[in-house]
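Trainee: I am new to this structure and would like a close look at a single part. Please take the ligand and the space around it.

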Amino acid sequence: MADTKFTPRVFSGIQPSGGLTLGNYLGAMKRFVDMQNAGGFETIYCMVDLHAITVWQNPNDLKKNTRELCAGFIAAGIDPEKSILFNQSQVPEHAQLGWLFNCVARMGWMGRMTQWKDKAGKNAENASLGLFAYPALMAADILVYHATHVPVGEDQKQHLELTRDIAAKFNHDFGVEFFPIAEPVIEGAATRVMSLKDGTKKMSKSDPAEASRINMTDDADAISKKIRKAKTDPDPLPDSLTELDTRPEARNLVNIYAALAEITPQAVLDQHQGALFGHFKMALSDLAVAKLAPISTEMARLMQDQAEIDRILGRGAERARALATPILAQAYDIVGMVRS
Ligand code: TYM
């Protein structure tokens, strides 16, 4: 259950590290739009550029990718009037609260993060300190707004558990009930979109195989080619989901279809049971093109007006700061910082 003492507020972020995928769209962005439109929440969405630089980013690419991500948010349905939309580095309160949390979180907690282990791998000595501390900044992103709900894909679950641990330890250490214990929102058919070439691997922008993913910038042709070439098996679609437990590629395409059509995976099977993949992939390709091609077209249009994108980000940052500033000031006060 979410903390009821706090205003219902949604926060989530996406790294502007280039190459938004169908996984980012179905697992995150589309859910952000749903929560924005559902009402009942204030919604805050962020391009987390300070997170992106925990691994090397070319400065010009980082700027381009931040603007492209902003265009992606808007093209997918985020309304910068309804939601607060901005890039993290324009709201310094994130990094300031992040420092306090560096002093709350324990080394052991950070060392257990699977994303740290995956990204740093055997070369941890050479990874940046920022990459190790990353989850404390992520906790600050959320808690500097007293956010109560955080929509994310499955791969962020552990980071959100850590966010809850940091909030609880801060509250406990200082004897306050200041930070909410934020609720992860990991729901729907596409919380973990898998590679089109290997149903046991997450679809990711860092996979060297371009055919393994659909990018949000892909045009209709590229989308349908990638779906037609996706790995499958020779069996027809079954009538029950349990029969897909041992068929990860088939299960992934059913989940993608369900998320795009906004129906359950079982409803997809009800409609397509008995179909061979040649046929199902045609239906999926038509659906994906209908849903995604207008987004990539709109992104390209928005990208032509960089000044307008920068204006939206600046305005979003101003609104975000108005919420974050008093919360940071109270946190400083609780910790014992003199503010004259
Ligand atoms: P990032 O930038 O890697 O991914 C952004 C969002 O996309 C989701 N996602 C997926 N969902 C389903 N299937 C996939 N294959 C897939 N790939 C990515 C992610 O789960 C995420 O929701 N640490 C975060 C960014 C972040 C953040 C935050 C999120 C920073 N501060 C505060 C929430 C709240 C990250 O690296 O996401």
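Trainee: Which of the 26 residues around the ligand come nearest?

Mentor: The model is predicted, so local features need pLDDT of at least 70 and side-chain atom pairs count only at pLDDT 80 or more, while totals for chains, interfaces and linings use all residues. Residues are numbered from 1 along each chain as its sequence is written, and side-chain values use heavy atoms, with hydrogens and water left out.

Q15, Y134, D141, D155 and V193 come nearest to the ligand; a residue is near if one of its heavy atoms lies within 4 Å. By class, this shell has 12 nonpolar, 10 polar and four charged residues. Here Ala, Val, Leu, Ile, Met, Phe, Trp, Tyr, Cys and Pro count as nonpolar, Asp, Glu, Lys and Arg as charged, and the others, Gly among them, as polar. β1, α1 and α7 each supply at least two residues of the shell; helices (H or I, at least four residues) and strands (E, at least two) are DSSP runs, numbered from the N terminus.

Next come the polar contacts, which are pairs of N or O atoms within 3.5 Å. An oxygen atom of the ligand lies 3.1 Å from a polar side-chain atom of N24. A polar backbone atom of G153 is 2.9 Å from an oxygen atom of the ligand, and a polar backbone atom of M203 is 3.0 Å from a nitrogen atom of the ligand. The protein buries 96% of the 710 Å² that the ligand exposes when taken alone, with areas from the Shrake-Rupley method and a 1.4 Å probe.

The ligand sits in the largest pocket, meaning that more than half of its atoms lie within 2 Å of the pocket's grid points. A pocket is an open set of points on a 1 Å grid over the protein atoms alone, where a 1.4 Å probe fits, with protein on both sides within 12 Å along at least five of seven lines; lining residues have an atom within 4 Å of a point. The volume of the largest pocket is about 1200 Å³, counted as the space filled by probe spheres set on the points.

Its lining has 46 residues, and N24, Q115, D155, Q156 and K202 lie nearest the centre of the pocket. Elements that give two or more residues to this lining include β1 (9-14), α2 (49-52), α6 (114-120) and α8 (157-174). The largest share, five residues, comes from α1. The lining divides into 17 nonpolar, 19 polar and 10 charged residues.

Definitions and conventions:
A polar contact is a pair of N or O atoms within 3.5 Å; within protein, one must be able to donate a hydrogen and the other to accept it, and residues adjacent in sequence count only if both atoms are side-chain atoms.
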